[in-house]
Each structure stands twice: as structure tokens, then as C-alpha cells.
Amino acid sequence: MTVRRTPLRFRRFAALVLAALLPLAASAAPWELTLESDRHSDFSSIDDLRDDNAAGYRARFGRNLAYVQEEVRLQRREGAWSLSLLGRSSATLVGNRDAIEALRHSRGLGRDASDRHFDVHAHLRGFAGAGVEVERGFVLEPQWSGALLVQALALTRWREREIRGAADFVGATSTYTFDLRSSELNDRLQFPFQQPQGAAGAGLLFGGDLAWGRGPWSARAALRDVGLLHWRGVPQQDFTLSTSTRAIDAGGFVVFRPLLQGRNTQSGLTRSAPWRAQVSAGWQATERGSLQAGARWFRGFGALPSVGWTQRFGQLETGATWQFHEQRLVLDARWGGWRVYVGADRLDGVHSRVLGVAYSRPLPF
């Protein structure tokens, strides 16, 4: 058995980080516990997407988005500093209409004698892990404030896959022709002669906030998950499928033959994380009511706009937000140290659902 020793430079760095964080962790400031689950799919219900039930898939025109953002966080603030322990899962799938229709067609759903052509493009990015986040707030001018944060994660899951190309169906002969290319990295991918890989990956992610306020007006911009993901020896696979490949035989004649070509590799891979962004603006319309408008950005897809209203009733603060792309209403309530928010696009066959709860009080540790 081989024992791997931790490099001395890393141990010194970890000791310095712990020494800086211990005073914050031991302070008397209250801890805040937050749990959030945010799931959405343009082309299917959440249950159909989880079960890979293509019979329930109905693609929107243009690009289709599905995402999962889930997190549990324990956070403590002390002055301008904030320390969080967290576990999270993040995944986004962006595919065009043809990619979803080609999947349905290949499984015999909606297939008839008509000729069909599909230009396929789908891209999946996702990771999961646990770690620590440190945030530092600051004030630039009376109207301006902001924050910078760094998040260090031990990755327990990492998968990315892209499929691109064309597929055709000839109704008269009930045959398909393909010209598709697929690239995938997956910590759970298996293939012959596979070498040992790292037991876990690592992520180093950065983010920031910038806020402005003057009178009844306010604005905020935030950026998250700007950084790198790394995994030693993570399995990767590139695959090509072409049914119309041309070649020259020994007699000099052009022949057509299908091409199935794959390549499996393992290496210490480092890639950029799928960043996210958010902007919002607010107007204090009344003494107790305010109007907000904003948008979230997902890498590879674009903006998801929203508009909402917040109203105070004594110690109770309530809110309602309409998210246009998800077509869902999110209701929010804050009272004392509690915050609860819930939203869905429909009561049955839900395509989009968010649920979150947060509690901020001194905890017994």
C-alpha cells in the first residue's frame, strides 16, 4: 500500500487559512442555516426528466434549458466577513429543439413515414461537492457597496457532455443516417484498461457583488462560479458516428461505409466552471412596498427575467415574483429569523419548482 504525503506548501497554506477563519467561527455572531432546491425543465416535467421518460418530452422552439441548483449552507457573519460551510449540486442542460425531437423519434415516438432532418446540439455541464466559502464585504462610497468571495470545494461528482451533428430519417426505407460527434467527461465513466483516478476532484470558484442605492432606487449585480474544476485521472471519451463516410478501395473506387470511432483517455483535467450571473433593480414605491425587476444568466443559454413586489406588514415581510422563462410564481415570507419561499409553474406535472427555507439565530455551537 502506498501512502501519499500532503505537500508541505499545501499544509502551510491550509494552516494559514484555518488560523484566519477560527476567530470568525468562534465568534458570538449567529449562524444561518439555508436549504434550497431549484429545478426546472423547458421540455418535460421534473419527474419525466429524472426518469428519462421521453414520452413526456415536448420541446419549445429554439433552445431548451433544464437546470438543477441545490444547496445546503451554514453561514456566520461577523462585521464585513462571512464564513460558510456548504454542500451543493449544480447542473445545466442546453439543447436545441431538434436534439429533443431526434431523441423522441429514435425511440419511435411520433415517428411516421415522413422524411425528417435533425440538426442536433446539446450540452450538459454539472458538478457536486462540499467545502467552505469566505466572503468579504466592503463600502466604496455612500451609494456603493460590494463583496468578494472565494469557494473551495471537494468534488464528489463531475460530468460534462456535448453532442453535435446531424441525423436524417428516410421514411420510404425506414432508415437513419448519422453524422454525430460526442465528447464526454464523467468521473463514473468505465471502459477497458482503465487506470486509477482521483477519489475526488477540486474546485476553486470566485464571485462578487456590486450594489448601488440612492433614494428610492437600488441596483445590484452578482457573478458566481467563476473559476476552475480539476480532477486527477478523470475518464474522458470522444466518439464519432458517421454513416456516410467515403473511402477509396484497392481498385481506386469510391466506397461508402459507416464510421464508428471512439477514443478513451484519462488525464489530470482542469476546466472552467459554468458561471452564473444575476442583475436586479428596485424601486421603493411606497413606505412599505417596493417593486423589483431582474434577470439571471446561465452560461450557454442567456437571460431568465423576472419581476416582483415586496410588501411589509409590521414584522412580516412578504413577496411575490413572476419568473417569465420558468413561467412560475414564487411566494416569499420573512418573519423573525425565518425565511420561507416556494414556487411552481403548475400544480400537476410540474416543470419548474423552487423551495427554500432559512433560519438565522444563535445556535448551540
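Patches are made of residues with over 30% relative accessible area and no salt bridge, where like charges are joined within 9 Å and nonpolar side chains (Val, Leu, Ile, Met, Phe, Trp, Tyr) within 5 Å. Every view comes from a predicted model, in which local features need pLDDT of at least 70 and side-chain atom pairs count only at pLDDT 80 or more, while totals for chains, interfaces and linings use all residues. Residues are numbered from 1 along each chain as its sequence is written, and side-chain values use heavy atoms, with hydrogens and water left out.

View 1. Trp217, Trp283, Leu291, Val307, Trp309, Trp322, Phe324, Leu329, Leu331, Val342 and Leu355 make a nonpolar surface patch of about 1000 Å², with accessible areas taken from the Shrake-Rupley method with a 1.4 Å probe, counting for residues only the protein chains shown as cover. Two or more residues of this patch come from each of β12 (302-313) and β14 (328-335); strands (E, at least two residues) and helices (H or I, at least four) are DSSP runs, numbered from the N terminus. Val307 sits in strand β12, and Val307 is partly exposed at a relative accessible area of 31%, where buried means under 20%, exposed over 50%, and partly exposed in between (1.4 Å probe, protein chains only).

View 2. The structure holds 25 salt bridges, each defined as a side-chain nitrogen of Lys or Arg within 4 Å of a carboxyl oxygen of Asp or Glu. In one of them, Arg157 pairs with Asp187, and their closest N and O atoms are 2.8 Å apart. Because Arg157 lies in strand β5 (residues 144-170) and Asp187 in the loop between β6 (175-186) and β7 (201-214), this pair ties together parts that are 30 residues apart in sequence. Arg157 is partly exposed, with 22% relative accessible area, whereas Asp187 counts as buried at 10%. Another salt bridge joins the side chains of Arg159 and Glu184 at 3.1 Å, N to O, and links strand β5 to strand β6 across 25 residues. Here Arg159 is partly exposed at 28%, while Glu184 is buried at 10%.

View 3. The side chains of Asp238 and Arg263 meet at 3.2 Å, N to O. Asp238 belongs to strand β8 (residues 217-248) and Arg263 to strand β9 (residues 254-272), so parts 25 residues apart in sequence are tied together. With 30% relative accessibility, Asp238 counts as partly exposed.

**View 4. The second largest pocket.** This pocket has a volume of about 1400 Å³, and among its 48 lining residues the closest to its centre are Phe43, Leu49, Leu93, Leu124 and Arg159. On a 1 Å grid over the protein atoms alone, a pocket is an open set of points with protein on both sides within 12 Å along at least five of seven lines, a cavity is a set where a 1.4 Å probe fits but cannot get out, and lining residues have an atom within 4 Å of a point. Grid points are joined across faces, edges and corners, and a volume is the space filled by probe spheres set on the points. Strand β4 (residues 116-141) gives the most to the lining of this pocket, with 8 residues.

**View 5. The largest cavity.** By this rule there is 1 cavity of 30 Å³ or more, and the largest cavity holds about 50 Å³ of space. Its lining includes Gln69, Arg125 and Trp275, and strand β3 (residues 81-96) supplies the largest share, 3 residues.
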